[in-house]
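Have the structure open as you read.

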Amino acid sequence: MTTELLKASSEGKSLNKDAPLAPVQVPAAVAEILAATPIIDIHTHLFAPAFGKLSLWGIDELLTYHYLEAELFRSSTVTPERYWTLSKSAQADLIWRTLFIENTPISEATRGVVAVLKAFHLPTNAAALPEARAFFKSQSFESHILRVLQLAGISDIVMTNDPLDPEEFPLWLKGVEPPRQFHAVLRLDRILNAWPAHWQAVVAQGYSVDAQASGKSISEIRRFLADWAKRMNPVCMACSLPDSFAFPSDSMNGRLLAEAVLPACRELNLSLSLMIGVRKQVNPRIGLAGDAVGRANLMALENLCRDFPDNRFLVSVLSRENQHELCVYARKFNNMLPFGCWWFLNNPSIVEEMTRERIEMLGTSFIPQHSDARVLEQVIYKWANTRRTIGPILAESYRLLSEDGRGVTRADIERDVTRLFRSNAEAWLPLRSRT
Ligand code: FIX
Ligand code: ZN
C-alpha cells in the first residue's frame, strides 16, 4: 500500500483513487506507485538455483561483470592476458582496488555495485572485500533470491536458455524445473547465427540435419524446436542479431528464420524476441566485454513485421541511432513491441531520451526496460535506477497532459505503470500458463 493510501487510511479517510490529483501531487504519486508495482524483468541471464554454477551471485561475480572488466582495462596496467590467469577473487580484488579505491566509482556499473553493498548494509568504501565476502558466503541462495527479488521490486525473472550450451542442456535433459518466478526463453543464437559451427550439436541430440540445412533438415529443426519448447516451456524464442542483419536473405540465417523459426513460433503461439545491433567480439582479448555496437538497417525488421503478420516480435535495438526509427516502425506494425534500453543504452542519459520519445510516440504500448542482469544482485540497482530515471519522465508526461487540459488520478497512474512494467509483458509472454 502506498504512503498516501496508508496516511489516508490511518486518518480514517478512504483515498479516492479516482479523484484527479493536483499537479503538485503527481510526482510523488508516480514514485510511490512505481515503487509499489512489482516488475516483470523480461530479459536476464540469471538462472534459478537448480542450474547450479550457472547461477551467478555474490560480490566476486558482481565485480567481475564484463561491464566492469571493460572499465578495468581502461584504468589498469594489467593486460587482459594477465587478468585471465588470475583467480576469480584476485580479479575481483583488482577491480575493486582499481575502480573503487584508486578511482571514484561514478560510472553506471561501478555505482551499481555500491548500491548493492548499501542495500545489504555493507561498507561501500572498504579498503578490501573480506566483510562483503563473508556476508554473501553466509547466505543461503534460495532465501537470498527471495530477498533480492523483494529489494529489487520484481516478481518475475525471464532467463536466457541455450539448448546447445554444453553446460546447460544436460540439466534440461535431466529434467530441471525452475521455480514459478523464473521463466525460460528458447535462445537460438547458435542456430541462427552460427549454423556451420553448431549443426553437429543438433545431430548429436538426435536430429537429422546437415551443414547446408538441406533435405529434411528444416523439418528436423522444427522438431528440435518443438521438443525443446515442450522441455523448457519457454515464454518466447529469442536471438541476438548483428548490425549487419538483413531480411529477407538467402543466407543460412535468413533461411532458418523464415522456414523454421517463424513457422515454429506461430505453431507454438510464441513471440520471437530479436535483439539487433551487436557487433560480436570486436576485441576478443577482453572476453564478453569485447562485444560492441553497430547501427542496423531496420528495413529487415520492416520486412519481417510486414511479411509475417501472424508472428509477434519483441524487439530491442542496440544502437542509439536506431531508436527513433524503432518507434516509427512500432507505430506501423502492432505485431512488434519495442522493449528495453539494452546494454550500452542502459545509462540514465540515454534511458531518459529513449523513454521520452517512446511515450511521445507510443503512449504506454511498449516495455521500458529489462535488466539484462547476469549476476543476481544486479537487479537491485538496475531496477532502482530504472524507477529513479523513468519516474520523473512519466510525471512530466502527466504535467504536460494537465497543461493541455486533463488531470490524472492515482487509478490512471496505476493502470499506466502496470501496463508498462507488467501487462504488456503478460500480453506477449505466456507467463502464467505454466503447466
Ligand atoms: O545477447 C544478449 O543477450 C546480450 O544482452 C548479452 O550478450 C550481453 O553480454 C549482455 O549481457 C548485455 O547486457
Ligand atoms: Zn542479454
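Predicted model: local features only at pLDDT ≥ 70, side-chain atom pairs only at ≥ 80, totals over all residues.

## How H13 and H14 cross

Let's start with helix H13, residues 217-232, and helix H14, residues 252-268: their axes come within 10 Å and cross at roughly 40°.

On the H13 side, the contact is made by Ile-218, Ile-221, Arg-222, Leu-225 and Ala-229. H14 brings Arg-255, Leu-256, Glu-259, Ala-260, Val-261, Pro-263, Ala-264, Glu-267 and Leu-268. Sort the H13–H14 contact by class and you get 10 nonpolar residues, 4 charged ones and no polar ones.

## Strand S6 and its partner

Over to strand S6, which spans residues 271-279 and is mostly covered, with 8 of its 9 residues buried. S6 runs parallel to strand S5 (residues 236-242), and 7 bridges join the two. To pick out one pairing, Leu-241 has Ile-276 in S6 as its bridge partner.

## A look at Leu-272

Leu-272 sits in strand S6. Its relative accessibility is 0%, and buried means under 20%, so Leu-272 counts as buried.

What does Leu-272 touch, leaving aside residues up to four places away in sequence? The list is Met-237, Ala-238, Leu-257, Val-261, Leu-262, Cys-265, Arg-312, Phe-313 and Leu-314. Phe-169 is another matter: 103 residues from Leu-272 along the chain, with 20 Å between their C-alpha atoms.

Key:
Residues numbered from 1 in each chain as written. Chains lettered and ligands numbered in written order. Heavy atoms only, no water. Axes fitted to C-alpha atoms, helices over the stretch in contact; angles between N-to-C directions. Helix = DSSP H or I, 4+ residues; strand = E, 2+ residues; numbered from the N terminus. Contact = heavy atoms within 4.5 Å. Nonpolar A, V, L, I, M, F, W, Y, C, P; charged D, E, K, R; others polar. Buried < 20%, exposed > 50% of the residue type's maximum accessible area, 1.4 Å probe, protein only. Pairing = 2+ DSSP bridges.
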